[in-house]
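Subject: Handover of a structure for your review

Dear colleague,

Please find below the structure that I would like to hand over to you.

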Amino acid sequence: MSRNELLLYYQPQIDLASGRTTGFEALIRWQHPQRGLVSPIDFIGLAEESGLILPIGDWVLEEACRQLRVWQKAGAAPVRMSVNLSARQFRDGKLPERIAQLCAEAGISPRSLELEVTESMAMHSPEETIAAMRALVDQGVSLAIDDFGTGYSSLAYLKMFPIHTLKIDRSFVKDIERDVNDAAICDTTIALAHKLALNVVAEGVETAHQLDFLRRAGCHSIQGYYFSKPLPPAEAEKFLGAFATA
């Protein structure tokens, strides 16, 4: 971080009913001096082992809040910023206070921030998860369960989590066209979200067939290469301007 080699890219989230860009997911990249742009898959594991994941995660939150304020000051349409939390961040008792501080410093409302935790993180210790989630929600932020369907959720706990969004993992979306089981999982997850009054976002949408299936099933929002790959800040702002009133 001290060498300014970390970057955030932003992938749009599109509301299927209106066609508008309603949010962006902030995704970290490492601009390596020799290897070029490095995916988080290649360095997040090492960051977790070394203990660097906490300062990296804090930088991501700070930068995402700062960037959202830049777009707001430029007159961009209101959007929500989604940020992934690591397990160590999520369990940090000081996180709610830090979120409030970062939002105040950036001049944004906590309501414009959505924090994502994976299904496996949420189910690691459900009672502690509920307490941690409530502390964050009390700050005004929204919460999403990421990679839904890849872990072992208990519906008894899921209904108790103060969450706002379920995100369908891309591994189920990519084979909707030819795998009846994946299609059934997506359809059932969307129906579950409706019953629990939750927003549902499908990740990894790349084809018109996937888009049509998800729209018919009642999915609220999508993100994926069908609309846009993750974008650097300036390109994300242009995309927001182009699709704000689509």
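Helices (H or I, at least four residues) and strands (E, at least two) are taken as DSSP runs and numbered from the N terminus. On that basis, the chain holds eleven helices and nine strands. The model is a predicted one, in which local features need pLDDT of at least 70 and side-chain atom pairs count only at pLDDT 80 or more, while totals for chains, interfaces and linings use all residues. Residues are numbered from 1 along each chain as its sequence is written, and side-chain values use heavy atoms, with hydrogens and water left out.

Overall figures

Of the 246 residues in the chain, 48% are buried; here buried means under 20% relative accessible area, exposed over 50%, and partly exposed in between (1.4 Å probe, protein chains only). The accessible surface of the chain is about 11900 Å², and carbon and sulfur atoms contribute 52% of that surface. Such areas come from the Shrake-Rupley method with a 1.4 Å probe, and for residues only the protein chains shown count as cover. Among contacts (heavy atoms within 4.5 Å) with a separation of 6 or more, 66% are between residues 24 or more positions apart.

Two strands are said to pair if DSSP finds at least two bridges between them. Strand β7 (residues 165-168) pairs in the parallel sense with strand β6 (residues 142-148) over three bridges. Phe148 is placed opposite Ile168 of β7. Strand β7 is also joined to strand β8 (residues 199-202) by four bridges, and these two strands run parallel. Within β8, Val201 is the bridge partner of Lys167. Thr165 and Lys167 point one way from β7, Leu166 and Ile168 point the other way, and all are buried.

Gln67 counts as buried because its relative accessibility is 5%.

Helices α9 and α10

The axes of helix α9 (residues 180-195) and helix α10 (residues 208-217) come within 10 Å and cross at roughly 35°. Axes are lines fitted to C-alpha atoms, for helices over the stretch in contact, and angles run from 0 to 180 degrees between N-to-C directions. The contact involves Ala183, Cys186, Asp187, Ile190 and His194 on the α9 side, with Phe213, Leu214 and Ala217 on the α10 side. These residues divide into six nonpolar, one polar and one charged; Ala, Val, Leu, Ile, Met, Phe, Trp, Tyr, Cys and Pro count as nonpolar, Asp, Glu, Lys and Arg as charged, and the others, Gly among them, as polar.

Ala217 of α10 is buried because its relative accessible area is 18%. Leaving out neighbours within four places in sequence, Ala217 is in contact with Asp187, Ile190 and His194. Ala217 and Ile190 are 27 residues apart in sequence, with a C-alpha to C-alpha distance of 6.9 Å.

With kind regards
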